[in-house]
Amino acid sequence: MAAGGRASGRPAKKKGPSKGTGGQKRRSLEGRGATPPAEMRHWYKDKARTERIAREDRGETRRPGSGPARQKRSEDAPEYIGGRNPVLEALQAGVPANALYVAQRVENDDRVRDSIKIAAERGIALLEVTRDKLDRMTEGVVHQGIALQIPAYDYAHPSELVELAQDAAEVPLIVALDSVTDPRNLGAIARSATAFGAHGLLIPSRRSAGVTGGAWKTSAGTLATLRVARASNLTAALREYREAGLFIVGLDGAGKIDIGDADLLAEPLVVVVGSEGKGLGRLVREQCDVVVRIPMQAAAESLNAGVAAGVALYEVARHRRR
């Protein structure tokens, strides 16, 4: 008899699924169905919350792709000043304030104690909050555990700035800003305007920095005494100033006359400061009686708006003291 597996005479076993598998191998090839939508997954709520907080920190209120993003704050929303020195300086300067926020377990020093004392004396609300809330309120500014909430600024009408000079029996001096978009520049210009006797600032309502917490901080409190007017159309406001007897002097690096040689500086005056990059706009330049420049070394192409305004206002003050 030949050797082999069938020598015993028993039939060979068939290959294939064993009894009781229920076709598991076949079902394993069928897949798990459609992928569930994001909102049905266990991690979705945490992810959505993280994205919402990130949008709020960027000042957005809508999801990407759902339309144009709106600003986090409206024009009548309060502003915040963060930082121990800026808060104390603002309180000492009498900046209007609604509330003083202090972080829980903040490291106490003389500036914090003095700020709390002044706020209590002025009847300003004192609130203790978490550092996370301070971070969101101040939009990432280094607040050092303390922030001051200030109300939205009450802008004057452009004509009020002339009336202020007339009431003081002084020659009007107004500083207008054309496309100055950095609040720190606005604050620095306010500081120089106060130092050299200007009667107010004029800003356009669009494409311009406003009186925000950053402007208050840089101004070192001078915005509490210097009026800021806002015009819906800067060109039209300058035209009205000319009709009221004021001369318009534009400050631009492309000017042909050095500011020290201008012969209008002792007259009723509006000094228009343009942005560092673009200078004065065409329509604004057309309203100017003269466009002047600040003489500089060739190595320095331009000055930022805050520095340029300070130099120009000093020159105006020097001419008026003659």
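1. Contacts of histidine 143. In this predicted model, histidine 143 touches Gly82, Gly83, Arg84, Arg131, Leu134, Asp135 and Thr138, with neighbours within four places in sequence left aside. Histidine 143 sits in the loop between α5 (131–137) and β4 (146–150).

2. Is histidine 143 buried or exposed? Histidine 143 counts as buried, because its relative accessible area is 5% and the cut-off for buried is under 20%.

3. Asparagine 85. This residue belongs to helix α3 (residues 84–92). Its relative accessible area is 39%, so asparagine 85 is partly exposed; that class runs between the 20% and 50% limits. Beyond four places in sequence, asparagine 85 is in contact with Arg111 and Gln144. Serine 115 is 30 residues from asparagine 85 along the chain, and their C-alpha atoms are 9.4 Å apart.

4. Helix α7, geometry. What span should the 13 residues of helix α7 have? At 1.5 Å a residue, residues 183–195 should span 18 Å. The end C-alpha atoms of α7 are 18 Å apart, so the model agrees with the expectation. The expected value uses one less than the number of residues.

5. Helix α7, ends. Aspartate 182 caps the N-terminal end. A side-chain oxygen of aspartate 182 lies 2.9 Å from the backbone nitrogen of arginine 184. Glycine 197 follows α7, with a positive phi near 80°.

6. Which residues of α7 are buried? They are Asn185, Leu186, Gly187, Ile189, Ala190, Ser192 and Ala193. Their cover includes two strands, β5 (173–178) and β6 (200–204). Helices α8 (213–219) and α11 (305–320) are also among the elements that cover them.

7. Main core. Nonpolar side chains tend to be buried together in soluble globular proteins. Here the largest nonpolar core holds 62 residues. Leu148, Val175, Leu186 and Leu201 touch the most other members. Helix α11 supplies the largest share of this core, six residues. A further core of 20 residues lies apart from it, with Val162, Ala229, Tyr241 and Val291 among its members.

8. Valine 175. Which residues does valine 175 contact, leaving aside neighbours within four places in sequence? The list is Ile189, Ala193, Ala198, Gly200, Leu201, Leu202, Val271, Val273 and Leu313. Ile189 and Ala193 are among the buried residues of α7.

9. Confidence. The mean pLDDT of the protein is 81, and 75% of its residues reach 70 or more. Residues 1–5 stay under 50, and the model gives them zero contacts beyond four places in sequence. Residues 56–72 are also below 50 in pLDDT, but this stretch has 17 contacts in the model beyond near neighbours in sequence.

10. Overall figures. The protein has eleven helices and eleven strands. Of its 322 residues, 39% are buried. Among contacts with a separation of 6 or more, 80% are between residues 24 or more positions apart. The accessible surface comes to about 19500 Å², and carbon and sulfur atoms account for 49% of that area.

Definitions and conventions: Residues are numbered from 1 along each chain as its sequence is written. Side-chain values use heavy atoms; hydrogens and water are left out. Helices (H or I, at least four residues) and strands (E, at least two) are DSSP runs, numbered from the N terminus. Buried means under 20% relative accessible area, exposed over 50%, partly exposed in between (1.4 Å probe, protein chains only). Contact means heavy atoms within 4.5 Å. A polar contact is a pair of N or O atoms within 3.5 Å; within protein, one must be able to donate a hydrogen and the other to accept it, and residues adjacent in sequence count only if both atoms are side-chain atoms. pLDDT is the predictor's confidence in each residue, from 0 to 100. A nonpolar core is a set of buried Ala, Val, Leu, Ile, Met, Phe, Trp, Tyr and Cys residues joined through side-chain atoms within 4.5 Å. Accessible areas come from the Shrake-Rupley method with a 1.4 Å probe; for residues, only the protein chains shown count as cover.
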